[in-house]
Amino acid sequence: MNRSLLWRGVLITTIVGILAFSAYPPDENLKLGLDLRGGMHLVLKVKTADALRSETETDMERAVRLLEDEDVTGVQARRTTETTFELTGVPGDRGETLADIADNYLARWHWSRDGDRVLFEMRDGFEQETRHLAVNQAIQTIRNRIDAFGVTEPVITAQQDKERIVVQLPGVDDPERVKKLIKNTAFLEFRIVEFPETGSGAASRDDIVAHYGGQIPDNVQVLSQDIRNTETGELVGEFYWAVQATGTVTGRDLKNSRPGRGQFQEPVVNFSMNPEGADKFGKLTGDNVGRLMAIILDGKVVSAPRINSRITDSGIIEGGFTQEEVQDLVTTLRSGALPAGLDYLEERTVGPSLGQDSIDQGLRAGLIGGALVVLTMLTVYKRSGINAVLALSLNVILVFGSLAYFGATLTLPGIAGIILTIGMAVDANVLVFERIREELHKGRTVKSAIANGFDKARSSIFDANITTLIAALFLFQFGTGPIRGFAVTLSVGILSSIFTALFVSRWLFDLVTSRRGRIEKLSI
Amino acid sequence: MEFLRDTQIDFMKYRRGFVVVSVILVLISVLAVFVHGKLNMGIDFAGGSQLTLRFQEHPEIDELRGLLESAGFQDALIQRFGEETVNEVMIKTPLAAEEEQAEAPAPAATGEETEAEDSEERRQAQVLAALDGRFNSGVIFDLNRSGSDALAAELVKLDPEGVVAEGGDTATDYYATTAAAVIAARDEDGIFTSWDEVASAEGVSATVLDALEKNTSLGGFALLAAESVGPQIGGELRTKGILAVVLSLVGMLLYMWFRFELRFGVGALVAVFHDVLVVLGLYALMDFEFNLTTIAAFLTLVGYSVNDTVVIFDRVRENMRRARREPLTDTLNKSINQTLSRTILTSGTTLLAVGALFILGGDVLRGFSFVLSVGVIVGTYSSVYVASPFAVLWEYLFGSEAKSRREVKAA
């Protein structure tokens with residue numbers, strides 16, 4: 001008996017010790033959910049159609065170029081949907097050349113002839129791959145940007161089948177900025193300005209239309225530029241520019257970029273080109289000395305400086321930026337462009353003060369609720385109540401300890417789960433104590449009443465707790481963040497209450513009753 | 001203290017009356033859900049936006065409503081939130097009008113949810129703009145709404161300590177530390193109500209404070225939380241929530257069937273349905289918001305309700321082994337009496353805990369703790385007066401006695 005007592009005591013102390021140690025001190029070891037510590041939870045949808053479109057356009061241009069290389073000229077190409085394009089004007093006698101190119105160089109496309117038109121359709125495998133890749137690239141890009149922004153412990157995960165990305169950022173204090181940083185496609189282009197050739201853009205789109213005599217030519221595109229107050233950064237109007245419709249130099253040609261200062265100490269972005277980019281940039285600027293070059297970011301002109309001489313490897317981007325904007329622009333340029341646009345499906349931002357209020361209220365409710373339960377148990381079961389109270393305290397330690405040990409997250413519903421557990425955990429003790437009382441009423445000795453009480457209560461305790469555990473399991477399955485936190489604390493609470501009621505509490509009884517040979521009375 | 005020792009209450013005597021009472025309760029609840037309108041769906045399921053604001057001074061709800069209505073938000077829901085002293089208000093706006101979404105191109109296209117989502121962001125901005133007009137007129141660089149990065153940049157621009165001249169990076173770092181301290185001080189209460197609070201932040205010198213007082217303002221309110229849920233996510237959560245409740249009920253039934261006999265499983269399940277419906281009705285009447293946490297509460301209620309029933313049936317099973325020939329109603333009566341003090345004590349302690357949560361746990365958890373507080377009471381009642389009578393009824397209809405009755409009739 002004594003050996004068994006000792007052995008069980010050591011086991012209990014070890015388990016409780018390990019878990020208590022891993023949770024102490026709680027403010028360092030307990031992982032708090034975003035609803036308690038504050039932060040952002042974002043669900044983004046990757047617009048993979050964007051990536052498909054760009055693949056289609058790339059291969060369409062490639063098809064035209066390959067045909068030109070074989071002296072098939074005058075071919076018209078048109079993208080018809082996100083995954084299809086068609087070529088017209090391929091001479092009837094060059095069918096073999098076309099078949100040759102399509103089969104050898106455009107194997108990812110299914111093609112067919114329909115009279116004068118040649119239809120190309122993306123194969124399923126290629127489409128899936130493109131979508132998949134777009135989501136992966138988007139994640140990588142977002143991760144780079146977040147890392148550069150310096151958020152601690154960001155969690156970024158993909159729901160590949162739904163083409164979604166879930167981003168969780170604890171303790172962000174400027175949500176708008178982060179949202180912009182993530183969502184910026186950061187597609188940078190350099191294109192030559194066609195009109196106006198003076199230093200500032202046209203005041204309205206109509207001016208440009210008028211310049212071209214009412215019809216804007218195909219090779220020209222009209223883009224806007226935001227005009228901002230240099231003091232406050234407030235948006236005060238828009239300029240318009242007619243720029244060449246196609247650009248050869250893009251953000252992909254950059255080697256590096258960093259924040260810098262311009263002529264008047266204003267914040268600018270310094271950039272340098274990779275070798276291939278330097279070639280293209282040298283040609284673009286060399287051919288157009290004296291003209292304006294528009295620097296375009298995500299379809300908006302940020303500035304249009306005059307090209308004074310041929311530039312190859314480096315340059316600056318100015319655009320009346322603030323320090324913060326320069327920093328973010330550099331971050332996005334370095335992380336690369338997003339392969340596809342992003343949409344916010346769900347967005348939850350909670351400030352730290354709100355979470356702190358919740359913690360305070362939860363703590364107060366837990367302490368008072370717990371005190372009432374303790375008082376009840378002591379009143380009803382007298383000195384045996386102490387046993388239940390000890391089991392209950394251990395239970396709370398075990399719940400917090402397990403959360404810390406397994407790295408689970410404590411959320412506000414999780415706190416509710418713990419408080420609920422405090423109320424429900426004594427149930428197992430109550431079941432045992434009631435049985436012991438019944439056995440005592442039958443006239444059994446204290447020791448055998450205790451043994452019988454535990455034996456008979458066991459099946460009730462298991463059955464009753466397993467049903468609650470089933471509910472908790474489904475909750476976990478269902479759970480998004482906070483609810484999962486509740487399911488976890490509830491499950492852990494149930495398991496530890498079984499342990500404390502059947503094992504710890506039994507040990508305590510045995511410990512107390514082992515001292516003397518025969519005990520006449522049990523305070524219960 | 002020992003109470004309820006050796007009680008001999010004939011619970012089953014009045015079972016028919018109580019079944020009628022239970023049926024009426026359920027009917028009232030179902031009516032409450034449908035007649036009272038519908039459940040007050042939170043943005044988790046209905047989609048839409050929710051802003052939590054803390055004001056410097058006590059805001060008048062009617063005034064806020066007026067401001068939002070004139071900005072085109074007739075259907076915004078405005079309610080006081082948190083403790084009386086903190087001047088907090090929660091503003092919920094439903095998803096952008098349906099026509100707007102219907103106009104979006106082809107339903108299958110991904111474009112649809114795009115439009116809806118971006119519009120949520122726009123609507124939040126519009127709500128804030130409507131309030132800014134009244135509470136933040138003439139405010140420049142609002143310290144109550146800016147992040148620490150923006151404040152750091154602002155400080156670099158103002159350069160009250162004259163450190164920028166000494167060299168770029170050190171100044172940026174210096175002001176970044178100051179800005180972070182100021183924002184941390186604001187986070188304690190969520191809002192600055194006086195410049196003294198700004199001054200209390202670590203590292204804010206008299207000159208910095210002076211520069212801030214001259215060049216920045218303390219706006220009338222701070223944004224504590226902003227949430228928006230798109231129609232797609234809302235729909236998904238709805239489906240998943242219903243699925244979770246249904247599956248857990250099936251799981252319970254299977255477990256009860258496996259551990260006990262079918263008649264007890266059916267009795268327990270009817271009791272669970274009864275509890276969920278009655279509490280749902282009360283929930284609708286009280287107009288609490290139905291959200292993700294509510295689902296958690298109801299699932300827990302399902303677990304608790306069965307738990308309570310199981311303890312009684314466990315005793316029934318034990319008693320049946322001892323006295324096989326005893327009528328089921330007698331066994332039930334005996335078992336309920338034997339477990340009565342446990343039933344009351346456990347319900348009592350659980351009620352103390354969730355009751356404390358209901359009173360002290362704050363607004364976010366109020367709906368949750370309401371479900372459980374009421375649920376514990378209803379669940380305890382139903383274990384005795386719904387689960388047990390239905391086990392008897394099932395026995396009467398399909399049990400061995402019923403079989404012999406039918407045989408007698410046939411002969």
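Author: Two strands pair if DSSP finds at least two bridges between them. Helices (H or I, at least four residues) and strands (E, at least two) are DSSP runs, numbered from the N terminus. This is a predicted model, in which local features need pLDDT of at least 70 and side-chain atom pairs count only at pLDDT 80 or more, while totals for chains, interfaces and linings use all residues. Residues are numbered from 1 along each chain as its sequence is written, and chains are lettered from A and ligands numbered from 1 in the order in which they are written.

Reader: Over how many bridges do E3(A) and strand E4 of chain A pair?

Author: Strand E4 of chain A covers residues 84-88. Within this pair, Ala77(A) has Leu87(A) as its bridge partner. The sense is antiparallel, and the number of bridges is four.

Reader: Which strands form the open sheet of three strands in chain A, and in what order?

Author: The pairing in this sheet is antiparallel. Strand E13 (254-261) and strand E17 (314-317) of chain A each have a single partner strand, so they stand at the edges. Neighbouring strands are turned by 25 degrees against each other on average, direction ignored. The order is E13-E14-E17.

Reader: Which helix packs on this sheet?

Author: Its contacts are with E13 and E14 of chain A. Two residues are in contact if their C-beta atoms, placed from the backbone, lie within 7 Å. The helix direction makes about 170 degrees with that of E13(A). The helix is H10(A).

Reader: How many of the eight residues of E9(A) are buried?

Author: A residue is buried if 20 or more other C-beta atoms lie within 10 Å of its own, exposed if 12 or fewer, and partly exposed in between; C-beta atoms are placed from the backbone. Strand E9 of chain A spans residues 188-195 and is mostly covered. The buried count is six.

Reader: Which residue is the bridge partner of Glu189(A) in E15(A)?

Author: E9(A) pairs with strand E15 (residues 293-297) of chain A over five antiparallel bridges. E9(A) also pairs with strand E12 (residues 249-250) of chain A over two bridges, where Glu189(A) has Thr250(A) as its partner. In E15(A), the partner of Glu189(A) is Ile296(A).

Reader: Now the two chains together. Which element gives the largest share of the side of chain A that touches chain B?

Author: The contact takes 68 residues from chain A and 71 residues from chain B. Elements that each supply at least two residues on the chain A side include strand E2 (39-46), helix H12 (412-441) and helix H11 (352-405). The largest share is 16 residues, and it comes from H11(A).

Reader: How many nonpolar residues does that side of chain A have?

Author: Ala, Val, Leu, Ile, Met, Phe, Trp, Tyr, Cys and Pro count as nonpolar, Asp, Glu, Lys and Arg as charged, and the others, Gly among them, as polar. On this side, 18 residues are polar and 16 charged. The nonpolar count is 34.

Reader: What is the bridge partner of Val350(A) in E5(B)?

Author: Five bridges join E18(A) to strand E5 (residues 221-229) of chain B. The two strands run antiparallel. The partner of Val350(A) is Ala225(B).

Reader: How many residues of H11(B) are buried?

Author: Helix H11 of chain B covers residues 262-286 and has 25 residues. It is largely enclosed by the rest of the structure, because the buried residues number 19.

Reader: Which residue just after H11(B) takes a positive phi?

Author: The phi is about 65 degrees. The residue is Asp287(B).

Terms used:
Axes fitted to C-alpha atoms, helices over the stretch in contact; angles between N-to-C directions. Expected span 1.5 Å × (residues − 1).
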